[in-house]
Amino acid sequence: MKNDESLVKVRTKSVRKNQIRLSNERRILAAAVKIFAGFGYQGATTRKIAEEAGIPKANLHYYFQTKEQLYRRVLDGIFKDWLAAANTFDECVEPIEALRGYIETKMELSRKRPLESRIWAEEILRGAPLIQHELEVTLSAWLDTRVKRITDWIYAGRIDALNPRILMFMIWAVTQHFADFESQIRALNQQQNLSDNQFKEAKQQVTRIILKGIGALD
C-alpha cells in the first residue's frame, strides 16, 4: 500500500514538474518571438528575452542554452505549422477544396502569428544562414510532394497547365504578405488592423482569384 502511495506521489511530482517546464518554455518562447521580431537576430540578446519573460537569465539558459537554440526553436514552430497547413493536399481529392483550405489556413496563420512570419522573412533576407538545411532538405522534399499533387490535377484536367512551383511561390507571397507587411496594410487602412469582416473578405478574394486563375473555378 505504501509502495503504491509512493509511486503515486512520484508520478504526481513528475507530472507537475513537466507542467512547470512546459509553462516556462511557452513563456520564454513568447518573449523570444517579440524580441527577435523587434530587434532581429543580431540585436536580440538572451538578457532582453529573459527580461521580457520576467525571469532570471540563468533560468532561461536552463531551458535554452544559447540564443541560436532558442531562435531555431521559434523558427521551427512556424515552419511546422506552415507545412501542416498543406495537409489538405492529402486530405482532399478536388483542387478547389485542397487549395482553398491551404490558402485560408496560411492566411489565418499570418493573422494570428505575424511576428513569427516576420522573423522567418528576416532570416531569408539574411541569406538563411541558420536554416539552409531546412530549406534545401526538409522544405524541398515537402514541396516535391505538393508539386506532384498539383501535377496530377493538371493531368486529370482539373486545373490548367501551369508551373506548380510558381503557383506555390505565389500562394506563399500573397498569404504571408498579410503578416510581413502588416504595418503597411494598417497604414493604408486608416491606422487600423483589418477587421474580422475585412479579413474574411480578403481570404475569399485571394482564394477566388487564385482558383479562377488556375482554371479550377468557372
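A polar contact is a pair of N or O atoms within 3.5 Å. With that in mind, welcome to this predicted model, where the side chain of arginine 72 reaches the backbone oxygen of leucine 130 at 2.6 Å.

**Arginine 72**
- Helix H4 is where you will find arginine 72.
- Leaving aside residues up to four places away in sequence, arginine 72 touches Leu130 and Glu134.
- Valine 206 sits 134 residues from arginine 72 in sequence, and their C-alpha atoms are 31 Å apart in space.

**Helix H7**
- H7 covers residues 114-125, twelve in number, and spans 16 Å from first C-alpha to last, close to the 16 Å expected at 1.5 Å a residue.
- Its buried residues are Pro114, Glu116, Ser117, Ile119, Trp120 and Glu123.
- After H7 comes glycine 127, with a positive phi near 95°.

**The largest pocket**
- The volume of the largest pocket is about 280 Å³.
- Its lining has 17 residues, and those nearest the centre are Trp82, Trp120, Leu139, Trp172 and Gln176.
- Two or more lining residues come from each of helix H4 (67-85), helix H6 (95-112), H7, helix H8 (132-155) and helix H9 (164-180).
- H9 contributes the most to this lining, with six residues.
- Sorted by class, the lining holds 13 nonpolar, two polar and two charged residues.

Conventions: Residues numbered from 1 in each chain as written. Predicted model: local features only at pLDDT ≥ 70, side-chain atom pairs only at ≥ 80, totals over all residues. Heavy atoms only, no water. Helix = DSSP H or I, 4+ residues; strand = E, 2+ residues; numbered from the N terminus. Expected span 1.5 Å × (residues − 1). Buried < 20%, exposed > 50% of the residue type's maximum accessible area, 1.4 Å probe, protein only. 1 Å grid on protein atoms, 1.4 Å probe; cavity = no way out; pocket = protein on both sides within 12 Å on 5 of 7 lines; lining within 4 Å. Points joined across faces, edges and corners; volume = space filled by probe spheres on them. Nonpolar A, V, L, I, M, F, W, Y, C, P; charged D, E, K, R; others polar. Contact = heavy atoms within 4.5 Å. Polar contact = N/O pair within 3.5 Å; in protein donor to acceptor, adjacent residues only side chain to side chain.
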